[in-house]
Amino acid sequence: MPSDTLWEIAKAEVEKKEISENGGDGIEVCEKSVFFIGSKNGGKTTIILRCLDRDEPPKPTLALEYTYGRRAKGHNTPKDIAHFWELGGGTSLLDLISIPITNETLRTFSLVLVLDLSKPNDLWPTMESLLQVTKTHVDKLIVKLGKTNAKAASEMRQKKWSNMQKDHPDRELIDPFPIPLVIIGSKYDIFQDFDSEKRKIICKTLRFVSHYYGASLMFASKSEALLLKIRGVINQLAFGIDKSKSISVDQNKPLFISAGLDSLSQIGSPPLSENDIGKLHAQTPMELWKKVYEKVFPPKSASTSKETRDPARDPQYAESEVDEMRAQKDQGTLLSEMYLGKNIHNSHY
């Protein structure tokens with residue numbers, strides 16, 4: 001029996017097709033991976049489809065999904081391949097993060113975190129959970145890589161500073177994410193109608209988090225103009241297209257800030273009075289911003305925000321006929337267990 005995984009088989013088929021199309025000329029094909037994580041129903045699939053020029057309605061993502069895109073470098077040249085992964089379920093399927101990001105793919109991986117701006121109370125816990133789990137996993141892989149390829153691990157640690165100028169005043173105050181990171185605030189069309197003070201807090205908080213992690217930050221909506229800008233950023237991650245140097249920090253407009261172009265002095269302090277800030281006992285700047293943010297947008301309690309871990313029980317995947325048959329099966333299983341338990345109990349007497 002073959003021992004190859006489905007992923008290895010699929011990858012081999014794509015490589016074979018590329019060699020065939022390019023006449024076996026031996027020209028190297030560049031491969032990169034982009035991993036979309038973020039808020040449940042936050043618009044990740046829509047962004048991916050737009051980046052791939054696919055005119056089709058987005059469907060709810062079940063667990064972990066994969067697709068790919070190809071782009072030619074020039075006339076009669078091989079097409080580079082971009083692998084697109086998407087994690088569904090918000091923060092309910094964190095264990096699946098380790099599947100696409102492996103030692104073999106680590107050095108060509110980028111992360112896109114999509115946050116639903118229309119649900120500010122869920123924003124911080126979603127962002128914190130997903131980034132912490134991903135960072136912990138990547139850090140472990142880099143340590144493991146260092147044991148077999150110290151040079152490659154060292155290059156990765158240095159590369160994370162590539163977007164930050166050596167003379168940037170915040171260089172000693174931030175901690176760039178171990179792989180390229182882009183944070184997208186989705187549903188700006190709803191967010192723009194929020195109270196101005198609430199918009200200010202959300203914008204400043206996301207600017208701080210993005211700058212601290214050396215990430216790019218941008219807002220998206222159904223607007224074609226915004227989607228085109230997002231597409232440009234994703235293409236830069238996937239195919240190495242020239243990176244945009246534009247910047248927009250006006251909270252009354254969609255934010256667009258490329259990594260390394262913001263600063264703590266421009267962002268300013270957390271939007272709270274000095275007296276109130278003094279009452280918040282925080283050990284780090286990140287913890288301080290979290291406490292200030294959650295003071296205005298308290299996260300939902302665990303009981304109300306708990307997400308469904310079993311996709312079969314998630315209402316967005318409901319199918320009446322299938323669900324009815326499943327209910328009958330579950331009921332039959334329960335009756336069988338009760339009958340079996342009763343017989344076992346009677347057998348003792």
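Trainee: Which residues does L264 contact, leaving aside its neighbours within four places in sequence?
Mentor: The model is a predicted one, and L264 lies in helix α8, residues 264-267. Leaving aside neighbours within four places in sequence, the contacts of L264 are D170, L173, F208 and H211.

Trainee: How far apart are the C-alpha atoms of L264 and F208?
Mentor: F208 is among the residues in contact with L264. Along the chain the two are 56 residues apart. Their C-alpha atoms are separated by 7.2 Å.

Trainee: Is L264 buried or partly exposed?
Mentor: Buried requires a relative accessible area under 20%, and exposed requires over 50%. The relative accessibility of L264 is 25%, so L264 counts as partly exposed.

Trainee: F208 is in α6. How do the directions of α6 and α10 relate?
Mentor: The axes of helix α6 (residues 196-212) and α10 come within 11 Å and cross at roughly 160°. Angles over 145 degrees count as roughly antiparallel. Therefore α6 is, relative to α10, roughly antiparallel.

Trainee: How many nonpolar residues does the contact of α6 with α10 have?
Mentor: From α6 the contact draws on I201, I202, K204, T205, F208, V209 and Y212, and from α10 on P285, M286, W289, Y293 and V296. By class, 1 is polar, 1 is charged and the nonpolar residues number 10.

Trainee: How is α3 directed relative to α10?
Mentor: Helix α3 (residues 120-148) and helix α10 (residues 285-296) have axes 10 Å apart. The packing angle is about 155°, and the cut-off for roughly antiparallel is over 145 degrees. The direction of α3 relative to α10 is therefore roughly antiparallel.

Trainee: How many charged residues are in the contact of α3 with α10?
Mentor: P120, L123, W124 and E128 in α3 meet M286, W289, K290, Y293 and E294 in α10. Sorted by class, this contact has 6 nonpolar residues and no polar ones, and its charged residues number 3.

Trainee: What is the handedness of the crossing of α3 and α10, and of that of α6 and α10?
Mentor: Where α3 passes α10, the crossing is left-handed. The crossing of α6 and α10 is left-handed.

Trainee: Is L131 buried or exposed?
Mentor: L131 is placed in helix α3. Not counting residues up to four places away in sequence, L131 touches L111, L113, F177, L181 and Y213. Its relative accessible area is 3%, so L131 is buried.

Trainee: What is the C-alpha to C-alpha distance between L131 and Y213?
Mentor: Y213 is one of the residues that L131 touches. The pair is 82 residues apart in sequence. In space, C-alpha to C-alpha, the distance is 9.9 Å.

Trainee: C51 is a cysteine. How many disulfides does a search of the whole structure find?
Mentor: C51 is buried because its relative accessible area is 8%, whereas C30, at 31%, counts as partly exposed. A disulfide calls for a pair of cysteine sulfur atoms within 2.5 Å. The number found in the whole structure is 0.

Trainee: In the loop between β1 and α2, is S39 buried or exposed?
Mentor: S39 has contacts with K44, G90, V114, L115, D116 and T126, leaving aside its neighbours within four places in sequence. Its relative accessibility is 8%, so S39 counts as buried.

Trainee: What is the phi of N41?
Mentor: N41 is also in the loop between β1 (31-38) and α2 (44-51). Its phi is positive although the residue is other than glycine. The value is near 60°.

Trainee: And what is the phi of K187?
Mentor: K187 sits in the loop between β5 (181-186) and α5 (188-191). With a relative accessible area of 25%, K187 is partly exposed. K187 is not a glycine, yet its phi is positive, at about 60°.

Technical notes. Residues numbered from 1 in each chain as written. Predicted model: local features only at pLDDT ≥ 70, side-chain atom pairs only at ≥ 80, totals over all residues. Heavy atoms only, no water. Helix = DSSP H or I, 4+ residues; strand = E, 2+ residues; numbered from the N terminus. Buried < 20%, exposed > 50% of the residue type's maximum accessible area, 1.4 Å probe, protein only. Contact = heavy atoms within 4.5 Å. Axes fitted to C-alpha atoms, helices over the stretch in contact; angles between N-to-C directions. Parallel < 35°, antiparallel > 145°, perpendicular 65-115°, else oblique. Left-handed = near helix turned anticlockwise from the far one by under 90°. Nonpolar A, V, L, I, M, F, W, Y, C, P; charged D, E, K, R; others polar.
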